[in-house]
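Let's take a walk through a protein model, from its overall fold to its core and its surface. Have a look at it first.

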Amino acid sequence: MASTEHSAQPAGMSARLSLGRDRRSGWLPRVRQDRLLVAFLLLSAAVMPGSLGEVTRSSLIDAYIQVSVFVATTLFIFYSAERMFGFDAASFFRRARSLQVPVAAGLGALPGCGGAIIVVAAYSSGNVSMGAVVATLTATMGDAAFLLIATRPDAAAIVLPVAMATGIVSGYVVDLLDRSSFEFGGEVRQAARIGRIRARDAAYGLVALPGIVFGVLALFQVEFEGVLGQAVTATGLLGVALGVAIWTASPVDRMSNPCDPPLTRMVEETSFITVWVVAAFLAYEYLHAFAGLDLAAMFRTAGAFLPLIAIAIGFIPGCGPQVLVTTLYINGLIPFAALVGNAISNDGDALFPAIALNPRAAVVATLYSAVPAVVVAYGFLFLLPDIR
């Protein structure tokens, strides 16, 4: 089994795996040893008593309910649609290069992060340019869009089109000035074909079903108490545990094989992304709980720097900090310009798969989005101060 996995890997991956002894000599490859160490450290932190254990478990649950289930649902729908309708997204993006940027921005502008995740995956498969990635990450507002639409549809009617238009312009500028953006995705890492739905895939899918229900309820600020709270806790912890276990033993590195069943592809890729989601959630929550990070207090004392701080917060992976910014705007604590700046700079949950699938693209695209975010935010602040 080990020799099959190794022979199917690209040359670069084979070289990396060869740094450790393989299963035939009684050792796991080095990369698997690293994954086992990560899983062990995560489990150790989760079972610790006191604040460390509580913060860790809460972060694991939030990471799964707020992000992983939506990534899983998006990927499953997308891969199932490809299989059912015979639609080849890769071929579409390659044939329509001149339309990649506006299509990517349109997908990013959809509430939630599903559309942006599709574009990021397409880049990592070598099918869209960096400009398309910048367009989709600039246009997306993530889950914060749901909150804004529900509470301030008048503001959403301005913010979402502005973010999409900014994404289109930014994407074309990036493709015009950065010729390396046409090196579609760089190295493509695709696993050998698994070829079947495994028991682990079915188990992950069964846990994800109630998980997506809880995730949708969380978007609408439903309080999970009593039996419902216990169900959310169990689902979140079990979902993360399954994801980390699958990732630890997985033959897949980043992108799955297009010939595999949609469920298998979804499970493999979501498990990979979940590890990065968990890492980001833990980093933020540990800073908040143990280092006194208080974003709301930062806003109260910022003055004219409010838009700049909102833009900087947009660089934080995930939708939690971005939902906080939107909440502060809804409550009248920050100006409209700060909300716009955050909407343009923030990548929502789409930054998690971007980091997991292609770290370089994630960093570059995020840095590119900073420039239009500053220009547009301070344009609203100084030129259109009456918009509230």
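## The big picture

Among contacts (heavy atoms within 4.5 Å) with a separation of 6 or more, 78% link residues 24 or more positions apart. The protein has 19 helices and zero strands; these are DSSP runs, numbered from the N terminus, with at least four residues (H or I) for a helix and at least two (E) for a strand.

This is a predicted model, where local features need pLDDT of at least 70 and side-chain atom pairs need 80 or more, while totals for chains, interfaces and linings use all residues. Residues are numbered from 1 along each chain as its sequence is written, and side-chain values use heavy atoms, leaving out hydrogens and water.

## Inside

Of the 388 residues, 52% count as buried, meaning under 20% relative accessible area with a 1.4 Å probe, protein chains only (exposed is over 50%, partly exposed in between).

The largest nonpolar core has 67 residues. Such a core is a set of buried Ala, Val, Leu, Ile, Met, Phe, Trp, Tyr and Cys residues joined through side-chain atoms within 4.5 Å. Helix H4 (residues 50-85) gives this core its largest share, 13 residues. Val278 is one of the residues touching the most other members; leaving aside neighbours within four places in sequence, Val278 contacts Leu42, Leu60, Ala63 and Val240.

## Outside

The protein exposes about 16800 Å², with 69% from carbon and sulfur atoms (Shrake-Rupley method, 1.4 Å probe).

Phe220 sits in the loop between H11 and helix H12 (226-248). Is Phe220 buried or exposed? Phe220 is exposed, at 59% relative accessible area.
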